[in-house]
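Good morning, and thank you for coming. I would like to take you through how the parts of this assembly touch one another.

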Amino acid sequence: MINNAKELTELKDFARKAMEIRLDRDIEPSPENHRIDILVCGVAGCASSGSLKVADAVEEQIQQNKLGEEVKVIKTGCFGLCAEGPIVMVCPEHVMYTKVTPEDVKEIFESHIKGGKIVHRLLAGENEYEEIRDRLPQIPFFSMQKRIALNNCGIIDPENIEEYIALDGYQALAKVLNDFEPEDVIDEIKKSGLRGRGGGGFPTGRKWQSSAVVEEHEKFVICNADEGDPGAFMDRSILEGDPHSVIEAMIINGYAVHAHQGYIYVRAEYPVAVQRLSVAIKQAKEYGFLGTNILGKGFDFDLEVRLGAGAFVCGEGSALMTSIEGKRGEPRPKPPRSAEKGLWKKPTVLNNVETYANIPQIIRNGANWFKGIGTEGSKGTKVFALGGKINNIGLVEVPMGTTLREIIYDIGGGIPNGKEFKAAQTGGPSGGCIPAEHLDTPIDYDSLTKLGSMMGSGGLIVMDEDTCMVDLARFFLDFTVDESCGKCPPCRIGTKRMHEILVRITEGKGEPEDLDKLEVLARNIKESALCGLGQSAPNPVLSTMKYFRDEYMAHVLEKKCPAGVCKSMVKFMIDQDVCKRCSICKKNCPTGAISGDKDTPFVIDQEKCVKCGVCMEKCPFKSILKNA
Amino acid sequence: MTDKCTGCAESQEKAKELQAVIDKYKETRGALIQVLHEAQEIYGYLPLEVQREIANQLDIPLAEVYGVVSFYTQFSIYPKGEYQINVCMGTACYVKGANEILDKFRTRLSIDVGECTEDGKFSLDACRCIGACGLAPVVTINDETYGKLTVEDVDGILDDYEAR
Amino acid sequence: MNKVHITIDGIKLYVPENYTILEAAKEVNITIPTLCFLKDVNEIGCCRMCIVEVKGAKALQAACVHPVKEGMEVFTHTPKVMEARKVNLELILSNHNSMCQTCTRSWMDCELQSLANKLSVDNVRFEGEQKKLPLDIGVSIVRDPNKCILCRRCVSACKNIQTVSVIDIVDRGFNTKIAAPFEVSLADTPCVNCGQCINYCPVGALHEKSDIDKVWEAIYDPKKHVVAQTAPAVRVALGEDFEMPIGTPVTGKMVTALRMLGFDRVFDTDTGADLTIMEEGAELIDRIRGGGTLPLITSCSPGWIKFCEHNYPDMLDHLSSCKSPHQMFGAVLKSYYAEKEGIDPKDIVTVSIMPCTAKKFEAARPEMNVNGLSDVDVVLTTRELGKMIYDVGIDFPDLGDSDFDNPFGNASGAGVIFGTTGGVMEAALRTVADILNDSSADNFEYEEVRGLEGIKIATIEIADLKVRAAVAHGLGNARKLMDAIKAGEEFHFVEIMACPGGCINGGGQPLQLSDVRNWIDVREERAKGLYKEDRATYIRKSHNNPAVKRLYKEYLGMAGGKKSHELLHTHYHARPNYEK
C-alpha cells in the first residue's frame, strides 16, 4: 500500500535497480554482473504463434541449468515486429531473436546464455552482425519510430506493477493529486494538443472540459477498448503490454472531471487483455492507486472491466454506453452529448486506449514536450498497425507528420515479392484508400480527412497490384452490412443495397447506372445515418470510386477485373508458346477442365473452369495466364 | 437409452453454477452481458431455459434478453461443436486469402458458417479481426491458433482433429 | 420555462427551451414529416424522415428529438434534406411488402403510403433483397413482419407503456426484426392481447385477427338469430372511421347501421355493464362487511386479467369474480333472453362489438360459457364494424338515429362511462353509495377518479365508511399500483384497465395516425364524448336500470345469488411464462 508520493518514489528507486539491465543499453555483461533478463513477447501475434510455450521452455531451461538466481524470464508486451514472432530479447545485450520456437530455446541457452555467443540464425533480418545491439536502434524499423504510447511495451512485465512504477509509473498521478487542481489538468491536456486516437480526433482536453463543467453528483469515465477496426491491434497491444498506463490515465481523468467510477469496455475477442487488465486493476487496488483516499489526497476512484460481445458498432460512443448498461449496443441520436447525458444518463467522458496511454507522459513531461512532436494540427505520435501486402507486418509508432512512404517503405520494408504498391487503406471500415500519388502526404488527422480517408484507430493495410479495389470496397461493405445495428434505414437498408450493387459489379453484372446509384446512396447515408459509423460507412466506396474509377468502369463497361480478382470475370488460358505439355495442370485441376496430351495442345474448358487458380499455381513453366 | 441420472446431476451442477453467476452480478448495474458470457461458458450456448432463468432473476423481460443475445455475435442459441473453428475475416487476413480458406473448411466439413457438423465435432464461424494480423491469414480452433495458413494446410489440420 | 431565439427556414421565433425542432416548426405552421416518432411513446429518432439541416452540424439531424438551442438556424426543406428523406423512404419501401391493395391499411390511412405521397416518391430505385418472414396469426393479433418498417413504436408501447414486453428488437442490421423471444408465436408468450401495438403501428404490420367472415356467415344463415351488442367506447369512436371528428357520439347511427347490416337484434353492452355493477357492487360490499380479500380489483378488462394471471398469480383472489360486461350479457342472452323469446340458444349467435382486441381472447376462454355454449360467439373490433359498414356501402355519417332493441332498451349513464378510465369505479361508487346510504344521492359525479393521471387515488366517504379507491390505466401503471398493494398499501376497491385511457383507447378502436396523436390527446376527446352521453341519459345509475331490475326479478333473483354465480361469474388461473 502506497500512502503518499514519497513512498511511491522510494518504491520506484528500488524497483528501477532490478530492471537496470533492461533499461540501460550500456551495461556490458561482465563476470561481476551475472544477471540476465530474457524478455519474451507474450501478447497479440507472438502469443498466437506460440510465444507462451517459448516462455515455458525458457523457464524450463533456467530450472535445468539451475540459473534461477541469475536469469529471469519476463513476459512483456509487443516489440512491434509481429510477423517475426515469437520475439525473444536477451538483456543486458538487447539481442533480439525472431521466430523462436520452444526447440530453439535450448540452443539459446547453450550458446548465448552460458557460452556468451549469439545465435545468429535467429537474429532479426538476414544480416549477421556481431554487434547486434548496436545495430538494433539503427535499423529504420526502430530508428524512425518514436514510442510514447508504446513506451513500456516490450520492456516491462505487464503483470508486475512494480516494473511499471520503476519506469515512473503513477508519478503523473502523484503529480496531479499533489500539485494540480482538476482544471489545471484539463488545461495541461488542452495545451498539449492531444486529440482522440480512436477515430474522429476530437481534442481530448475539450472533451474532458465539457464533462467537467456539468454539475452532477455522479459522473463516469470510460476507456473505449472495443478495438473493432479489422487490422488494428494497437489497443490490444497496449492493454496487454502496459495496462497500468491506461489505468493511471483514467484515474487522472476521473480527478479532472470529478468522476469516481470508471469502466474499461473491452471487446470479448481479447481475453488476454481482459486478464491483464484484471490483474493490473487488482494490483492497483492493493497498492492504493484505486479505491479511497488515493495517495493520501482524499480522492476516490474505482474501475471495472466490462466485456463486449461481438458488435463493431459498440466502438461508437453512445452504443458502447448502452452496451455497458447491458443492452443492445445501439447508438442514440446526439444531442444530448455524452458529456452531459452519457452512461446511465450521467455525464461521461469516453477516451480510447491509445489516447489514455499518452496522458501520464504528457503530465510528467509537460504539455510543451508533447506539443513539440507532430504537426500543426496533430500533436504527438500515432501508432499504426501495418498489415496486408507489406514486409514488416507489425506495430509501429511514429510522430504525426511522417509520410505514408516513410511508413510503408522505410519502416514497413516495402511490398513483398517485388510487387507494385497500389493503395493504403486507413481508418478501417469508416476510412478510405489512399493511392500511390499521395504517398508523400505527411500523415495526420487533417491530411487523411482531406484525402477522403480518416485516421481511425490506426489500421494501415497495404494493397498491391493484385488487389481489386471494387472487390475491396465490397469486402468493407460486407463488414458494414454485417455490423450495422439496424436502427436506422440508411444504414440498415442503404448499406445492404450498396453491397448488392457492388456484388453485381464484381460478378460482371453491373450497369453504368449502378455507379450513379452507389453515389446517391453513399451521399445520403453519409448525411442521414443516425450515428458516426453509419455516416462513415460509404467512405470505402467513395474513396475507391474517387481514386480508382477506371477500375469500376472496367468492371461495368468491359466486364473485366483489371486485377484479376473478381472470379466471374477472370479467364485462365494456356500460353502455347511456353507450355511444355507436362500435364501437371491437368492432374491438379479439380474440375477436369483441362484437356490435352503430349500430342495435342493443352486447353482450358471455360465452361468447366471454376477459376480456382490451382493450375496457375502448379505450372512449373508459368505458362498459364490470367485474363489474357 | 440415456442415463437420466447422470444428465440430471450434470444439469443440476450447471444450474448451481448459473445461480452462482447470477448471485455474483445481481447487485451490479447493467450486468446482463457479463452474466450471459459466463452462462454461455457453463452451457456452451444460451438455450431458452437459461435465458429465462437469467431474465427472471435479473428482472429483465425475456424478450429483451433475447434481443441482446441476438444482437451480439459472440452469443449463440445453438450448441457449438466440440471443436470451434473460427476463420478470421479481418482486412489483413482477407487480403491474404481468408475467403478461400473459409471455403475450404466449408466444403471439407459440408457445413456453412454458423453451423455445426452432424456429429457435433466441428462448428464453423467467420470471425472479426482477432488482432493477430502479423500471422494472416489466421484460423483458431478452440484455444489453438493457426497462422499463415494456406488452403492446402486445412486438410491436415482437420485430419489431426478428427483423429483425436 | 426559459425561452430561446431560433430561426426556421428564415422565420424567427421565440420558443421554450425544452422544445424540439419538430415542435418549434409546428409553431410556424410547418409539419415536418415523421414516421417513427410518437409523442411520449417512441422518441428515438431512428427513421430519419424528420431530418433537417441545422447550421453547423456535421450531418442532418432528427427534428423529433433534437432540442432547440439559442441562436439555432434550421432549414427544413433544402435539396439535401428533401433528397435524403426521399432516398430513405425509397429504401424503406424497397424492403416492405408493398401489396397495398390487399393490406388492412389500404382502407384506413397508411402512414407509409401518405409519406410516399408527401415526398413524391414515384419510383423505388434501390430494389434488392426483401425479407420473407412467416406471419404470426394469434387469436387476437396478427403480425406481418414483412410489412414492418422497424419504427419500433410497437416495442415501445409493449415494453415501456404496458410493461408486457413480449416483443423486442431481434437480430441486427438488415436482419433486424421485431419478434418474441426465440421467435415463438405471440400466443405462446405472456402477451395480453391489448393491441396497443396495433394502435401505434403506422403500417399494416399489426392488425386484429379479422372475424368479419364469421359474422357474415351467421347473418346470411336464415336459421341463426344474430344478436349484436356494442361496448360503450365504440359509440364515441366509430364515427372516426368515417372521418367524423374524434370523440363524436354516434350511438343512434351505429344502431341503424347494425340493423342495416342484418343483425336481428341490437343491444347495448352498457346493460351488461349495469349488471356488472350490481354484481361487483354486491361483491365489494360483501368483502368489506365479511372481511374478504381486499382490495377488490375490477375484472372488466381482459388484457388486465391475463396480465394479472401471468405477473401476479398470487393475487388472483383480489380479482372480482365477475365476468366482464359483454360476457355477462352474452350469458344472459343465451339463457334469459332465449327463454323469454322462445329461441333455442343454439341458434343464437352473439356478436360483441368491442374497442378491444383482448376480448377476442376472452370470448374464447373455455370457462366463458352457458351450458356448454359460448357466452359470446364472435368479437368484432370497432374497426371491423367500421369495415363492414364501409364494405356494404352504407353512408354512415348520413344515417338517422335508432334506439337499442327491447327487452333491454337503453342502459344507464353509469354503463356508458365504463368505457373510460375511472368509469367503472365511478359507476360502482354511484351504486354502492346509494345502497350503503340507503338513499339516492344527487351528487354522484366523482371527479377525483376521472382524467388521465396514470394512477388516481381517492378516499370517498360513504355512510360510515372511508372507501379507499385507486384507479390505474395502462398496464405499466397497473404494475406500479399492484406492486404498491403487494408492498402493503391498502385500498378497498381498485379499478384497472389495460389500455392507457381505458377502453376508449383500446386496441380495437379506429386508428388515429401519429400526426394526430402527436398533437391531440385522442383519449381526452373520446372520454369527453362518453361523459357527454352520460349526462344526456335519463337514468345514470346502474341499479336504476329498469331492464336490469326486471332481469333480477324475473330470472336471477338477487345480485351475488346462486343463479348469478352460475351465469355471471368466472374464475382465473395462473399462467406460466414461456413454458410451452
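Within chain C of this predicted model, 17 residues of domain 2 of chain C are in contact with 24 residues of domain 3 of chain C. Which element gives the most to the domain 2 side of this contact? That is helix 5 of chain C, residues 196-200, which supplies 3 residues. By class, the domain 2 side that touches domain 3 of chain C comprises 9 nonpolar residues, 7 polar residues and 1 charged residue. The C-alpha centres of these two domains of chain C are 29 Å apart. As for their bounds, domain 2 of chain C covers 124-208 and domain 3 of chain C covers 212-568, while domain 1 of chain C covers 3-77.

Let me turn to chain A. Its assignment lists domain 1 (34-136), domain 2 (161-371), domain 3 (381-464), domain 4 (469-557) and domain 5 (571-626). Between domain 2 of chain A and domain 4 of chain A, the C-alpha centres lie 34 Å apart. To their contact, domain 2 of chain A brings 11 residues and domain 4 of chain A brings 8 residues. The domain 2 side of that contact in chain A has 7 nonpolar, 2 polar and 2 charged residues.

Finally, the contact between chains. Here 39 residues of chain A meet 30 residues of chain B. On the chain A side, at least two residues each come from helix 2 (44-48), strand 8 (299-307), helix 14 (317-324), strand 10 (381-388) and strand 14 (459-464) of chain A. How does this side of chain A divide by class? There are 17 nonpolar, 15 polar and 7 charged residues.

Technical notes
Residues are numbered from 1 along each chain as its sequence is written. Chains are lettered from A and ligands numbered from 1 in the order in which they are written. This is a predicted model: local features need pLDDT of at least 70, side-chain atom pairs count only at pLDDT 80 or more; totals for chains, interfaces and linings use all residues. Domain bounds come from an automatic or database domain assignment. Two residues are in contact if their C-beta atoms, placed from the backbone, lie within 7 Å. Ala, Val, Leu, Ile, Met, Phe, Trp, Tyr, Cys and Pro count as nonpolar, Asp, Glu, Lys and Arg as charged, and the others, Gly among them, as polar. Helices (H or I, at least four residues) and strands (E, at least two) are DSSP runs, numbered from the N terminus.
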